[in-house]
Amino acid sequence: MNLKLRLERLCDTRAWVRLHFSDGTTLTGRVLRLGHDYLEMESYGDFDKPTGRDYSKHLVPLSLVKLITIESSAFAEAERQRLNFMSQAESGQESYPEIEK
């Protein structure tokens with residue numbers, strides 16, 4: 001299946017994915033929108049750096065994506081981190097950018 005078609009399906013469900021790039025780096029997040037030649041996703045920090053976890057949106061050119069992982073046990077931890085972030089934002093502990101629910 002074509003990568004773009006697969007990402008369109010994942011976008012409809014706002015699924016968690018891990019993007020793998022040719023330099024060996026990865027980015028884990030939820031797919032928000034797929035454009036003609038880019039992917040918009042939100043992430044809640046890098047799990048290798050637990051002290052630097054924060055919300056961010058990414059616009060990733062599709063030409064940079066080497067492959068995607070669509071199911072992983074790490075996504076459960078990512079979802080827990082997202083829910084924790086959302087609960088902190090709702091309790092008003094800190095000011096965060098407006099995020100889509």
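**Inside the fold**

Author: Start with Leu19. Leaving out residues up to four places away in sequence, Leu19 touches Thr25, Thr26, Leu27, Leu39, Met41, Val60, Val65, Leu67 and Ile68. A contact here means heavy atoms within 4.5 Å. This is a predicted model: local features need pLDDT of at least 70, side-chain atom pairs count only at pLDDT 80 or more, and totals for chains, interfaces and linings use all residues. Residues are numbered from 1 along each chain as its sequence is written, and side-chain values use heavy atoms, with hydrogens and water left out.

Leu19 belongs to the largest nonpolar core, which has 16 residues. Leu7, Leu10, Leu19 and Leu39 have the most contacts inside this core. Such a core is a set of buried Ala, Val, Leu, Ile, Met, Phe, Trp, Tyr and Cys residues joined through side-chain atoms within 4.5 Å. Buried means under 20% relative accessible area, exposed over 50%, and partly exposed in between (1.4 Å probe, protein chains only). At least two residues of the core come from each of α1, β1, β2, β3 and β5. A second, separate core has 7 residues, including Tyr44, Tyr55, Phe85 and Met86.

The protein has 2 helices and 5 strands, in the order α-β-β-β-β-β-α from the N terminus. Helices (H or I, at least four residues) and strands (E, at least two) are DSSP runs, numbered from the N terminus. An open sheet of 5 strands runs β4-β3-β2-β1-β5, with antiparallel pairing. Two strands pair if DSSP finds at least two bridges between them. At the edges are β4 (56-61) and β5 (65-69), each pairing on one side only. From one strand to the next, the twist averages 45°. Helix α1 (residues 3-13) packs on this sheet and touches β1 (16-21), β2, β3 and β5. The direction of α1 makes about 75° with that of β2. Axes are lines fitted to C-alpha atoms, for helices over the stretch in contact; angles run from 0 to 180 degrees between N-to-C directions.

Look at α1 itself. Its buried residues are Leu7, Leu10 and Cys11. They lie on the same side of α1, because they cover an arc of only 105° around the axis. That arc is taken over the directions from the helix axis to the C-beta atoms. The buried residues of α1 pack against β1, β2, β3 and β5. Asp12 and Thr13 are exposed, on the face of α1 turned away from its buried side.

Next, the middle of the sheet. Strands β2 (residues 26-34) and β3 (residues 38-43) pair antiparallel over 4 bridges. Leu34 stands opposite Leu39 in β3.

Glu42 is in strand β3. Glu42 is buried, with a relative accessible area of 0%. Beyond four places in sequence, Glu42 contacts Gly29, Arg30, Leu32, Tyr55, Ser56 and Lys57. Glu40 is also found in strand β3. Glu40 counts as buried, at 7% relative accessibility. With neighbours within four places set aside, Glu40 contacts Arg30, Val31, Leu32, Arg33, Lys57, His58 and Leu59. Glu40 and Cys11 are 29 residues apart in sequence and 9.3 Å apart in space, C-alpha to C-alpha.

Finally, the totals. Buried residues make up 36% of the 101 residues. Of the contacts with a separation of 6 or more, 48% join residues 24 or more positions apart.
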